[in-house]
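User: Hi! Could you walk me through this structure with me?
Analyst: Happy to, let's have it up on screen.
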Amino acid sequence: MELGLEVTERGSWAVLAVAGEVDVATVPRLREQLHSLVAQGRHHIVVDLEGVDFLDSTGLGVLVGALKRVRTNGGELALVCTQSRIRKVFEVTGLTKVFSLYDSVDEAVAVDHA
Amino acid sequence: VTAVAEVVELRIPARLEYLSTVRRLVEAALAPDWPVERIADVVLAVSEAVANAVEAQPDAGAEVEVRCRFGGAEIEVEVEDHGPGLDPHAVPGPVTAAVAITTGATPPPAPAGAPAPAAAERGRGLALMRSLADDLTVQGSNGGTRVRLLLRR
């Protein structure tokens, strides 16, 4: 199963658009991509989940790990997610309290996280 | 609405590459009748159970058995592996629940609000299954683990 990962720039933000199915089989690529962004000094990251068809608990775990990494560096990781079935995965695990979820990339990058 | 229960039994190699195929199968079974949001719940719960079963068995040649019974209004899925059994420390929730799981007893109902710690990266699979399923039974022994999920439409 292919996982689409595309990085674009939005001002000081790196926007990672994820497409396809994020599960324990495909999640290593997402983890590598996020770690590589942080290693490059990108500590303000938007992960756009609009193209994601499926997200499991290991996908959540990688996003939590990346959030910790950027926050350790004084940064932020914001999520774009409007699909109710993907949002629900964050809701039932209580992670809506941990992540900031936005309706669009525009909205996510407009927020002052300082 | 399906009048007669449909049964699907799968025996798959314990490899993560088969996960998406199991998801497709569950989706196909429910797609004509069930609301898409509830299908998503079933697909996620089953995927978590099969992923756990696969990861419990690192040895080459290991297999996972998946048995699905689709009624019109409910689906029952059993996932069985032959790994060493659940690691109680990997199970979120109070220790008593974890002990019950490893000794083969039916675990008590999910305690209210026992998700993984907010900062943890692993350990949310079972909590997810508990939240999504109407009924969850985990039976473990030295010979493997059997998870039974029941979800109603």
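User: Which residue meets A:Glu21 in a salt bridge?
Analyst: That would be B:Arg23, whose side chain meets that of A:Glu21 at 3.0 Å, N to O. Keep in mind that this is a predicted model.
User: How many salt bridges are there between chain A and chain B?
Analyst: The count is 4 salt bridges. There are also 6 residue pairs in polar contact between the two chains, both residues being at pLDDT 80 or more.
User: And which element gives the largest share of the side of chain A that touches chain B?
Analyst: α2(A) does, with 7 residues. β3 (44-55), α2 and α3 (84-92) of chain A each supply at least two residues of that side. By class, the side of chain A that touches chain B has 11 nonpolar, 6 polar and 6 charged residues.
User: What area is buried between the chains?
Analyst: About 1,900 Å², with carbon and sulfur atoms giving 59% of that. A:Val24, A:Phe54 and A:Ser57 supply 25% of the area chain A buries against chain B, more than any other three residues.
User: Switching topic: at what angle do α1(A) and α2(A) pack?
Analyst: The angle is about 10°, and their axes are 10 Å apart. Angles under 35 degrees count as roughly parallel, so these two helices are roughly parallel to each other.
User: Which residues of α1(A) meet α2(A)?
Analyst: Among them are A:Leu30, A:Leu34 and A:Val38, and on the α2(A) side the residues include A:Val62, A:Leu63 and A:Ala66. The contact has 8 nonpolar, 3 polar and 2 charged residues.

Notes. Residues are numbered from 1 along each chain as its sequence is written. Chains are lettered from A and ligands numbered from 1 in the order in which they are written. This is a predicted model: local features need pLDDT of at least 70, side-chain atom pairs count only at pLDDT 80 or more; totals for chains, interfaces and linings use all residues. Side-chain values use heavy atoms; hydrogens and water are left out. Axes are lines fitted to C-alpha atoms, for helices over the stretch in contact, and angles run from 0 to 180 degrees between N-to-C directions. Helices (H or I, at least four residues) and strands (E, at least two) are DSSP runs, numbered from the N terminus. Angles under 35 degrees count as roughly parallel, over 145 as roughly antiparallel, 65 to 115 as roughly perpendicular and the rest as oblique. Contact means heavy atoms within 4.5 Å. Ala, Val, Leu, Ile, Met, Phe, Trp, Tyr, Cys and Pro count as nonpolar, Asp, Glu, Lys and Arg as charged, and the others, Gly among them, as polar. Buried area is the accessible area (1.4 Å probe) that two parts lose on being put together, summed over both. A polar contact is a pair of N or O atoms within 3.5 Å; within protein, one must be able to donate a hydrogen and the other to accept it, and residues adjacent in sequence count only if both atoms are side-chain atoms.
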